[in-house]
Amino acid sequence: ARQGDGQEEMERRTRPLRAMHTVRRRYVAALRLCMIGRLCNFATAAISGRCQQLGENDALLIIDIQNSFMVERPVSGIPQYNLTGELTPNGTIPTGNLPVPRSNEVVPVLNSWFELRAAHGTAAAVFATLDYHPPKHCSFCLANEGGIEPFHGDGRISFCLRGIDTVDNFNDSHRCMDRISQRDYSTNAYFQFAEHGVAGTFGSRFDPFLDIPHDATVFKLGVNETADVYSAFDGGRLSLAPVGEHDTQPNSHDALADSSVTLSSELERRGVTRLFVMGLATDYTVGRTTEDALGINDKNQDFKLAKGQVILVESASRAIIDARAETVRNLVASVATPTLEGKVLTSRDPADAMAELCANTCDTVDDCGSPRRYCSKHATFEWGVCTECRFVDGLGQVCAGHGVCNVDGGCDCDTGYSGVDCSDATGLVLILTFSIGGALVLVGLAAVAAARYFRRRFAHVLLLKATNAPPELSLEPGLKHHLFLSH
């Protein structure tokens, strides 16, 4: 208990410093993006603060970070579970049966994403998948059980893959019978693999240095012997195992929820609009999961995210074959609709990656840093997007130089100017005409008033002398002419 109190006290004391460090990193990241031209305008490095926060509508999806897919790597730090009996004679963690090149590089990056999520209040959801197969799963080559040549008499071709090396034959009769496997087999594109992710083995466990959060939701893939799973959306089963025991169940069917609970239903239930996909391998489950979420997987289009962004985090993913991964990246980045878009992030540091994702976003028009741009409302998110005003002429003048961009990208014209682009000066002419006319009227009125004043000033005044007799009228004294008008 004292140790827990000490950790809480340390957390409390260091929170302001970490927050300040996070802010500094955001501005440095934004400035870096500005300097390499990733932002739309060099006048500013401001980005929406809300966009850069991992919130309740965000989810991290971690794909298959398991020992079966990892290369040999040293023991560094404190592992999440006991490694006794699992290390090589050199004291390293052994290579898995189906290693992905440079897979050891992704674990520190993934842990950094978990740290960023914690710094933002842990509101974002974390999902993780495990390839969790029975011992004789249909995706395994089983070449030692009488496999046949990969070239078939009817022209079909199959492959057995071990890393990036193929073997000559495998047990063709033991292939998977799910619809995607059958389609691939009929089009000469079917793959089987070395044994991997067998339930209850060291290979099926998370990497021992992956700091998977305790509140992560885990889905297990490929738990049925006769069907393979190519995407986290297709056939994954929710694990009901206790925290820390998702990857230790001895049988692939142990502690699973009903099949009606899917990744799609969980994302919908949580209202996820930004899905960050990362893990192993980009050209297989990671890529196909991302394509499924975007609705662009030509083999499976049943699991499209309703709206928002699907983000492939390249720095936290690795591929078996890089050329295939490049195809996935280009495909994801090509998706851009009013309600759903694909993004690819390359920055290694998560704070930099969030700045990369949020480049050109805004909370207010001040974030856009130019009178030529306005903060337009995003169709899905609470922040906006800095957008060029619709009316900018060849000289770079907004609204013909006689107005400003409004919140809809149109023009609010200066007094006297009108039209959609403030180029109509008819109002100004009318104003000038009325102004000149008004001035002339004022001059005329002033002249009349002056004339009256001077007439009064120099007029002769009749004097009335009241007596008992009839009144006597006379001019002012000193006047020589007497003229009386009477009625």
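**Note on the disulfides and the sheet**

1. Cys 368 and Cys 386 form a disulfide (cysteine sulfur atoms within 2.5 Å), with the two sulfurs 2.1 Å apart. The link is left-handed, at -95 degrees about the S-S bond. Cys 368 lies in the loop between E11 and strand E12 (373-377) and Cys 386 in strand E13 (residues 384-388), so the pair ties together parts 18 residues apart in sequence. Helices (H or I, at least four residues) and strands (E, at least two) are DSSP runs, numbered from the N terminus.

2. This is a predicted model: local features need pLDDT of at least 70 and side-chain atom pairs pLDDT 80 or more, while totals for chains, interfaces and linings use all residues. Residues are numbered from 1 along each chain as its sequence is written, and side-chain values use heavy atoms, without hydrogens and water.

3. The disulfide count comes to 7. One of them joins Cys 51 to Cys 358, S to S 2.0 Å. Its torsion about the S-S bond is about -85 degrees, so this disulfide is left-handed. Cys 51 lies in the loop between helix H1 (2-35) and E1, and Cys 358 in the loop between H7 and strand E11 (361-362), so the pair ties together parts 307 residues apart in sequence.

4. An open sheet of 7 strands has mixed pairing and the order E7-E6-E2-E1-E8-E9-E10; strands pair if DSSP finds at least two bridges between them. Strand E7 (237-238) and strand E10 (340-345) are at the edges with a single partner strand each, so one side of each has no neighbour in the sheet. Strands E1 (residues 58-63) and E8 (residues 274-279) run parallel, joined by 6 bridges.
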